[in-house]
Amino acid sequence: MGKRKLKGLKNFLKEEEGMGTVEIILIIVVLIGLVIIFKTQLRSLVESVFEKITKDSKTVMS
């Protein structure tokens, strides 16, 4: 029974195809679109995170 499961897993891995170029390009396009749409929100979030890191690192270093 264990060998049959292992053989089934091997067959599944052999049959499974990797992602195609079109799928990867679509994912990249969607990610770029999201970044463009939420650009200002992302920028303010990243700036606030880096400000907090800088402030907290100054307290640790003192």
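Student: How much accessible surface does the protein have, and what share belongs to carbon and sulfur atoms?

Tutor: This is a predicted model. The accessible surface of the protein comes to about 6,300 Å². Carbon and sulfur atoms account for 69% of that surface.

Student: What percentage of the residues count as buried?

Tutor: Buried means under 20% relative accessible area. The protein has 62 residues, and 0% of them count as buried.

Student: How many helices and strands does the protein have?

Tutor: Count 3 helices and 0 strands. Start at the N terminus and the elements read α-α-α.

Student: Where is confidence lowest, and where is it highest?

Tutor: Look at pLDDT, the predictor's confidence in each residue, from 0 to 100. The mean for the protein is 83. Of its residues, 77% reach 70 or more. Helix H1, residues 2-15, has the lowest confidence, with a mean of 68. Helix H2 has the highest, at 93.

Student: At what angle do the axes of H2 and H3 cross?

Tutor: Find H2 at residues 21-37 and H3 at residues 39-61. Their axes cross at roughly 75 degrees and come within 4 Å. Angles of 65 to 115 degrees count as roughly perpendicular. H2 and H3 are therefore roughly perpendicular to each other.

Student: Which residues of H2 and H3 meet?

Tutor: From H2, take Val35, Ile36 and Ile37. They meet Lys39, Gln41 and Leu42 of H3. Sort the residues of this contact by type: 4 are nonpolar, 1 is polar and 1 is charged.

Terms used:
Residues are numbered from 1 along each chain as its sequence is written. This is a predicted model: local features need pLDDT of at least 70, side-chain atom pairs count only at pLDDT 80 or more; totals for chains, interfaces and linings use all residues. Side-chain values use heavy atoms; hydrogens and water are left out. Axes are lines fitted to C-alpha atoms, for helices over the stretch in contact, and angles run from 0 to 180 degrees between N-to-C directions. Helices (H or I, at least four residues) and strands (E, at least two) are DSSP runs, numbered from the N terminus. Angles under 35 degrees count as roughly parallel, over 145 as roughly antiparallel, 65 to 115 as roughly perpendicular and the rest as oblique. Contact means heavy atoms within 4.5 Å. Ala, Val, Leu, Ile, Met, Phe, Trp, Tyr, Cys and Pro count as nonpolar, Asp, Glu, Lys and Arg as charged, and the others, Gly among them, as polar. Buried means under 20% relative accessible area, exposed over 50%, partly exposed in between (1.4 Å probe, protein chains only). Accessible areas come from the Shrake-Rupley method with a 1.4 Å probe; for residues, only the protein chains shown count as cover.
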